[in-house]
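User: I'm new to reading protein structures, and I'd like to learn by asking questions. Please go through this one with me step by step.

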Amino acid sequence: MSGPSLVAPSQERFVRRLSSVNATRESISLGPTVVAPPKHLMAPSAASEVASAMEVARRELELSVLPGTPTSTDESSVSSDYAYAFDIDGVLIRGGRPIPEAIEAMKMLNGENEYGVKVPYIFVTNGGGKTEAERCLQLSQQLEIEVSPGQFICGHTPMREMADAYKTVLVVGGEGEKCRHVAEGYGFKDVVTPGDIIKDNQDTTPFRKLTESEYADSRARNFAEVEIEAIFVFADSRDWASDTQIILDLLMSKNGRLGTRSDTFDEGPPVFFSHNDVVWSASHDLTRIGMGALRVSLESMYEAITGKQLKTTAFGKPQMGTFQFATRLLQQWRKDTHGIDAPPSTVYFVGDTPESDIRGTNEYNKTADNQWYSILVETGVFQQGTTPRFTPKATVNTVLDAVKHGMEREYRKLLKKSMESTGVLTDE
């Protein structure tokens, strides 16, 4: 079994390297880590520099610590002028398998291109139900590249900032106990799942009974004595009927206490969704409904029962918080590696969903200090021959075409700047 290795260039500052075959969520969470295919464990690939530096920047950002001595531009082989942000499902992966062009796109970003440059990149996904460490491990295995948890921003990543605001919370969605683990990893103190509630009172959901393993994993407690302060939908529900019933019970309760009913229906806890995608791209030929559909359904049911409108909050794309966090991460990375306390001048966001990826990028670009340039691919939700509801800066076939488009655009900008500085090109 291959053990972890330690790398300590100045900008990487003791980042461990773990094999994508042997690494676990627990081992990745022990400290700054890059997950690498076994063949690159002892001999770092071209992807190592970006993965390591982005991991350090993320740790500094989340812990609010001062960075170490930054490296100079000459010491880094990675461009600081522009970066890429990728959605995952429908752009790099579809149905759990890599889109063929994605592997070539990563190679191009990591230096296999005619311009002789490496370009930094991060992953911004609305997919939830897994920790950033688990996402990292999964993508490393799928694309066979070195990546770090620091490069991942999930729909529920901003929720970690709310851990101190609520004591007891209900976390909904995902497989088994994974979302509970994510929430506890974010610092939430008392995390309840629908399974806990059903275990306490099996009549809560008439048509769902816990399996033996679900019953064993669920935690026993008396919910007549518990006040749930907030509801977080971390990932897609695996049982809409049961989860919706439990959420509605809490929304109509007195101060989040199950088994009670409010006279006014305005005493229940707030509801937060990690994203608002109504559809998403899976292995099926047609798009599948997602968390946004559950949100619409829940709001409609609540109004039908109470006669009142339900106000819920969504994170993820296209909400601005996700793009703001991505900007702070890229700015921290650039400060660490190039000594420039500003985000890259241009961020190319590559997505497959006009309603979240393109809309969010375009709206954030209106207020951002740098340029966010939206690129729509045709390998996921959006299909060739249709008209997107939100118009991207560019529409291309695959993620490889998106990378080529951005790199060619940057080369033209650099060439124009060079010609202007030497007097070859003037405004006249």
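**Two helices crossing**

User: Is the crossing in which α10 passes α11 left-handed or right-handed?

Analyst: Helices are DSSP runs of H or I with at least four residues, strands are runs of E with at least two, and both are numbered from the N terminus. A crossing is left-handed if the near helix is turned anticlockwise from the far one by less than a right angle, and right-handed if clockwise. The way α10 passes α11 is right-handed.

User: What pLDDT do local features need in this model?

Analyst: Residues are numbered from 1 along each chain as its sequence is written, and side-chain values use heavy atoms, with hydrogens and water left out. The model is predicted: side-chain atom pairs count only at pLDDT 80 or more, totals for chains, interfaces and linings use all residues, and local features need pLDDT of at least 70.

User: How is α10 oriented to α11: roughly parallel or roughly perpendicular?

Analyst: Axes are lines fitted to C-alpha atoms, for helices over the stretch in contact, and angles run from 0 to 180 degrees between N-to-C directions. Helix α10 (residues 320-338) packs against α11 at about 65 degrees, and their axes are 10 Å apart. Under 35 degrees counts as roughly parallel, over 145 as roughly antiparallel, 65 to 115 as roughly perpendicular and the rest as oblique. That is why α10 and α11 are called roughly perpendicular.

User: How many charged residues are in the contact of α10 with α11?

Analyst: Contact means heavy atoms within 4.5 Å. From α10 come M320, F323, Q324 and T327, while α11 brings D357, G360, T361, E363 and Y364. Ala, Val, Leu, Ile, Met, Phe, Trp, Tyr, Cys and Pro count as nonpolar, Asp, Glu, Lys and Arg as charged, and the others, Gly among them, as polar. Sorted this way, there are 3 nonpolar and 4 polar residues, and the number of charged ones is 2.

User: What is the bridge partner of F349 in β17?

Analyst: Strands β16 (residues 346-351) and β17 (residues 371-377) are joined in the parallel sense over 6 bridges. Within β17, the partner of F349 is S374.

User: Which strands are the edges of the sheet of 5 strands?

Analyst: The order in this open sheet is β10-β9-β11-β12-β15, again with parallel pairing. Each edge strand pairs on one side only, and these strands are β10 (190-192) and β15.

**Rings and a peptide bond**

User: What is the angle between the planes of Y82 and Y348?

Analyst: Rings of Phe, Tyr and Trp (its six-membered ring) pair if their centres lie within 6.5 Å; planes under 30 degrees apart count as stacked, over 60 as edge-to-face and the rest as tilted. Y82 in strand β4 (residues 82-86) and Y348 in β16 are 266 residues apart in the chain. Their edge-to-face pair has its centres 6.1 Å apart, with planes at 90 degrees.

User: Which residue is joined to P318 by a cis peptide bond?

Analyst: P318 sits in the loop between β15 (313-314) and α10. The cis bond has an omega of about 10 degrees, and the residue it joins to P318 is K317.

How values were computed. Pairing = 2+ DSSP bridges.
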